[in-house]
Amino acid sequence: MSDSATLSMISITINGEPHRVSAGLSVAGLVAELGLNPKKVAVERNLEIVPRSTHGDVMIVEGDQLEIVHFVGGG
Amino acid sequence: MSTNDSWTVAGRTFTSRLIVGTGKYKDFEQNAAALVASGAEIITVAVRRVNVSDPKAPMLTDYIDPKKYTYLPNTAGCFTAEDAIRTLRLAREAGGWDLVKLEVLGEAKTLYPDMRETLRATEILAKEGFLPMVYCVDDPIAAKQLEDAGAVAVMPLGAPIGSGLGIQNRVTIRLIVEGAKVPVLVDAGVGTASDAAVGMELGCDGILMNTAIAEAKDPIRMARAMKLAVEAGREAYLAGRMGRRMYADPSSPLAGLI
């Protein structure tokens with residue numbers, strides 16, 4: 001959690017589902033809080049890719065629409 | 001000739017001419033074992049939402065090492081160019097790979113490609129630096145257009161995805177092979193080993209399959225059968241088959257008959 005974190009919560013959408021998360025999280029912080037391996041996922045925020053190199057800088061804000069994907073079996 | 005018969009797509013050289021999918025397997029262990037038996041060096045994978053309620057669920061990458069195998073992210077399930085491009089941008093971010101399999105589907109019933117959308121997506125992806133290997137109809141003109149648009153390989157269907165019907169139109173597959181400057185791979189429709197051999201005998205550079213292995217009663221054994229079939233078909237193609245005759249021609253000499 002960064003210094004800017006407060007006890008307040010915000011509402012966001014992750015993979016089509018509503019979630020309540022702490023305010024002040026970066027994308028990297030959210031990925032960690034969800035228990036995901038950051039090296040194995042890609043994140044799209046409001047229809048734009050968030051490059052992995054910027055995960056620590058991009059902050060999650062109220063109303064964000066996030067897609068977090070990984071590779072699964074397919075043909 | 002046969003000892004060093006490799007093929008190259010977008011500057012990357014591979015020995016195995018079999019590309020296998022990773023869907024429909026009973027579990028990751030079976031999938032990984034079938035992959036080893038197939039001898040494949042490239043695997044197709046899909047891009048899907050992570051299950052955020054179960055983040056510790058096993059992942060494909062835990063069983064099939066992306067450093068050892070070439071992951072070919074696909075756009076299975078995409079019905080528009082935009083969806084396919086969005087999926088591949090995410091795939092590139094997740095894995096860092098620019099060699100991708102593009103498929104833009106036209107309808108769920110046949111999973112036939114929508115060639116207008118496929119062509120449009122190919123152009124955009126090529127401009128964005130992707131190296132798209134493109135699933136397409138078995139149409140030599142469409143294959144040419146894809147090549148012009150930046151496809152690094154054209155991959156005509158032999159029959160509908162998952163149908164196992166075998167190569168339905170050998171003539172058009174051969175026409176595509178003869179006209180193409182990029183590798184041609186039969187993608188979809190293979191049901192059993194002889195189907196794969198037919199594709200290779202037509203001069204294709206490789207075969208891509210998933211269901212034929214995954215839905216076999218013994219997927220690992222079928223994976224090995226496919227490896228052998230692809231190799232056999234390739235050898236037969238390089239050897240050059242005999243001509244066809246309408247009537248019999250004895251193999252034993254007629255001279256010296258008692």
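Author: Start with the names of elements: helices (H or I, at least four residues) and strands (E, at least two) are DSSP runs, numbered from the N terminus. In this predicted model, B:K24 lies in the loop between β3 (18-21) and α1 of chain B. B:K24 has a positive phi of about 70° although it is not a glycine. B:L111 also has a positive phi, of about 50°, and is not a glycine either. The place of B:L111 is the loop between β6 (99-102) and α4 (115-127) of chain B.

Reader: How are residues and chains labelled, and what are the rules for the values?

Author: Residues are numbered from 1 along each chain as its sequence is written, while chains are lettered from A and ligands numbered from 1 in the order in which they are written. Local features need pLDDT of at least 70, side-chain atom pairs count only at pLDDT 80 or more, totals for chains, interfaces and linings use all residues, and side-chain values use heavy atoms, with hydrogens and water left out.

Reader: What is the mean pLDDT of chain B?

Author: pLDDT is the predictor's confidence in each residue, from 0 to 100. For chain B the mean is 95, and 99% of its residues reach 70 or more. For the complex, the predictor gives an ipTM of 0.88 and a pTM of 0.91.

Reader: At what angle do the axes of α7(B) and α9(B) cross?

Author: Axes are lines fitted to C-alpha atoms, for helices over the stretch in contact, and angles run from 0 to 180 degrees between N-to-C directions. Helix α7 (residues 193-201) of chain B and helix α9 (residues 219-239) of chain B cross at roughly 30°, and their axes come within 7 Å. That makes α7(B) roughly parallel to α9(B); angles under 35 degrees count as roughly parallel, over 145 as roughly antiparallel, 65 to 115 as roughly perpendicular and the rest as oblique.

Reader: Is the crossing of α7(B) and α9(B) left-handed or right-handed?

Author: A crossing is left-handed if the near helix is turned anticlockwise from the far one by less than a right angle, and right-handed if clockwise. The crossing of α7(B) and α9(B) is right-handed. The residues of this contact (heavy atoms within 4.5 Å) include B:A193 and B:M200 in α7(B), and B:A225 and B:Y237 in α9(B). They divide into 10 nonpolar, 1 polar and 2 charged. Here Ala, Val, Leu, Ile, Met, Phe, Trp, Tyr, Cys and Pro count as nonpolar, Asp, Glu, Lys and Arg as charged, and the others, Gly among them, as polar.

Reader: How many residues of chain A are in contact with chain B?

Author: 27 residues of chain A are in contact with 31 residues of chain B. The size of an interface is often given as the accessible area lost when the parts come together. Buried area is the accessible area (1.4 Å probe) that two parts lose on being put together, summed over both. Chain A and chain B bury about 2500 Å² between them, with 61% of it on carbon and sulfur atoms. In chain A, the residues that lose the most area to chain B are A:H70, A:F71 and A:G75, together 29% of what that side buries.
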